[in-house]
Amino acid sequence: MRDKRMSAAEVAAELSDGMTVGIGGWGSRRKPMALVRAILDTPVRDLTIVSYGGPDVGLLCAAGKVRRLVYGFVSLDTIPYDPWFQRVRQQGGIEVREFDEGMFYSGLLAASHRLPFLPIRAGLGSDVLRVNPDLKTVQSPYDGEELVAMPALKLDVALVHLNRADPHGNGQYLGPDPYFDDLFCMAAKRRFLSCEQIVDTSELDGPPQTLLTNRMMVDGVVETPNGAHFTSCVPDYGRDEAFQRVYAKSAADEELWPSFVDQFLSRGETGYQLAVQATS
Amino acid sequence: MSRIDVCVAACADLFLGAGEILASPMGLIPQLGAKLARLTTEPDLLLSDGEAYLLGEHGVEGWLPYRKVFDVVAHGRRHVVMGANQLDRFGNQNISAIGDHDKPTRQLLGFRGAPGNTVNHRTSYWVPKHSRRVFVPRVDVVSGVGHDRGFHHAYRVVTNLCVLDFETPDGSMRLVSTHPGVTVDEVLDNTGFPLDIGETATTREPSRQELELIDKLDPDHARD
């Protein structure tokens, strides 16, 4: 079986300008933050980001990487709003495709199944249809009910983070929620999985239903310990709430932000993790 | 007894007769209300821990990660209590953005699950500060769908001042009761559109047993 191990920088180098990149996790939970940080170190730009958004969105917006954002929400969970996302929206700095979060799920599922769309009730009567004027409805051929035809959210690249994986891309989540990481992978042409620890296949113990991705769904595996920081990656670690507050405070103040970048985001992943350790 | 305990009991009453469905209260006061309902009138209610588990009386009784929540939304056995940055007289709710959606003056959370919730199952709202900022003639972005747009799942609104519903011929908002010590005028002064005020009652006070339960559920008084 193929050894798919690679570095975060090698994953980031796979991205090119204008690509559509799906990011797994949910809000400020199990985000592939080390991969996101690696993207900040590249010249890539004009990305379309597809995400149940958290600080992944904030960091990419801060670095000017985002041309277009596809989302149902952007939130830091314990802090309701991501300041960078708010700022770029209020400046009119990005194009958006804002959906109901169940519609977003249908879009991922449609892409995973190679369907052009899936029907869903969510969106009817709401301004989802007004702010996305290209969205269409379909009529049920059985009883005539009108439903929203949620288009497939096709991705060029998927980035997800799990607790464990083997070198072939069999990935395991050990927390309570798979989120939508398997669907992100199935919706994408190129799929990259970061994890807390790479282990032998035989060491992927625990209930078999925790094996969320299998190797045909993954093109590259990256070991990034603490790689979801500062989002949660239970049971390995919870969200670093103190650090998240530092992020949010810095992100909310354009005068503070450069020193946050200097302290945490300017010396690669090793430098980031050392700087985080030094603050805790 | 404080005003906030009246609000908790009013939130508990949202679930009267709900039976064996999933209660999804967003925010502390609706959460306390749903828990109080399960301990009193609605023992069959299902409650999530806000993450991926259903919590029964004695710990975990089920698994409900986010993607299964969407299944329950579509299935319909759910009553959600959401917040609202803006709410109009037909129950249209905005949690997406203030101003023009293309370039908002204030970006909020986004649509979240509001469009799907309101076309699939019963939805109520909790407004901790009843004001003309929230109760507006017209919401900037319709996230949760109201009665004038062809959907009929908006049930009640509980605020720090009163309880409202939509039991009028055209599905517009009606004052059900004001909390003890609150006048009808106070509600009207803080509402940016005309309200139907028929036979307005006083919101019931929680019983001594309910007050004891609320104290047990929130011993540190995070609700105050």
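A:Asn226 is partly exposed, with 18 other C-beta atoms within 10 Å; here a residue is buried if 20 or more other C-beta atoms lie within 10 Å of its own, exposed if 12 or fewer, and partly exposed in between, with C-beta atoms placed from the backbone. This is a predicted model, in which local features need pLDDT of at least 70 and side-chain atom pairs count only at pLDDT 80 or more, while totals for chains, interfaces and linings use all residues. Residues are numbered from 1 along each chain as its sequence is written, and chains are lettered from A and ligands numbered from 1 in the order in which they are written.

**Backbone geometry in chain A**

- Most residues other than glycine have a negative phi, and most peptide bonds are trans.
- A:Asn226 has a positive phi, near 60°, and is not a glycine; its place is in the loop between strand 12 and helix 8 of chain A. Helices (H or I, at least four residues) and strands (E, at least two) are DSSP runs, numbered from the N terminus.
- The loop between strand 12 (220–223) and helix 8 (241–251) of chain A also holds A:Phe230, and the peptide bond from A:His229 to A:Phe230 is cis, with omega near 10°.
- A:Pro235 lies in the loop between strand 12 and helix 8 of chain A as well; the peptide bond that joins A:Val234 to A:Pro235 is cis, with omega near 5°.
- A:Arg114, which is not a glycine, has a positive phi of about 60°. A:Arg114 is found between helix 5 (101–112) and strand 5 (117–120) of chain A, in the loop, and counts as exposed because it has 10 C-beta neighbours inside 10 Å.

**Overall form and domains of chain A**

- Chain A contains 10 helices and 12 strands.
- For 280 residues, a compact globule would have a radius of gyration near 19 Å, and the 19 Å of chain A agrees. The radius of gyration is taken over C-alpha atoms, and the globule rule is 2.2 Å times the number of residues to the power 0.38.
- The C-alpha trace of chain A spans about 60 × 50 × 30 Å along its principal axes.
- Of the 280 residues in chain A, 54% are buried.
- Among the contacts in chain A with a separation of 6 or more, 76% are between residues 24 or more positions apart; two residues are in contact if their C-beta atoms, placed from the backbone, lie within 7 Å.
- Chain A is divided into domain 1 (8–100 + 153–242) and domain 2 (118–151), with bounds that come from an automatic or database domain assignment.
- The C-alpha centres of domain 1 and domain 2 of chain A lie 28 Å apart.
- Four residues of domain 1 of chain A are in contact with five residues of domain 2 of chain A. The side of domain 1 of chain A that touches domain 2 of chain A has one nonpolar, no polar and three charged residues. In this classification Ala, Val, Leu, Ile, Met, Phe, Trp, Tyr, Cys and Pro count as nonpolar, Asp, Glu, Lys and Arg as charged, and the others, Gly among them, as polar.

**Interface between the chains**

- At the interface, 32 residues of chain B are in contact with 32 residues of chain A.
- Helix 3 (66–75), strand 9 (106–107) and helix 4 (114–120) of chain B are the elements that give two or more residues to the side of chain B that touches chain A.
- That side of chain B has 15 nonpolar, 10 polar and seven charged residues.

**Sheet of chain B**

- An open sheet of eight strands in chain B has the order 2-1-5-10-11-12-13-14, with mixed pairing; two strands pair if DSSP finds at least two bridges between them. The edge strands are strand 2 and strand 14 (201–202) of chain B, each of which pairs on one side only.
- Strand 5 and strand 10 of chain B pair in the parallel sense over four bridges, and B:His79 has B:Arg122 in strand 10 as its bridge partner.
- Strand 11 (residues 154–159) and strand 12 (residues 162–165) of chain B pair in the antiparallel sense over three bridges and form a hairpin with two residues between them. B:Arg156 stands opposite B:Asp165 in strand 12 of chain B.
- Strand 12 of chain B is joined by four bridges to strand 13 (residues 174–178) of chain B, and the two run antiparallel.

**Helix 2 of chain B**

- Helix 2 of chain B is largely enclosed by the rest of the structure, because 10 of its 12 residues are buried.
- The buried residues of helix 2 of chain B pack against elements of chain B including helix 1 (3–13), strand 1 (22–25) and helix 6 (208–217).
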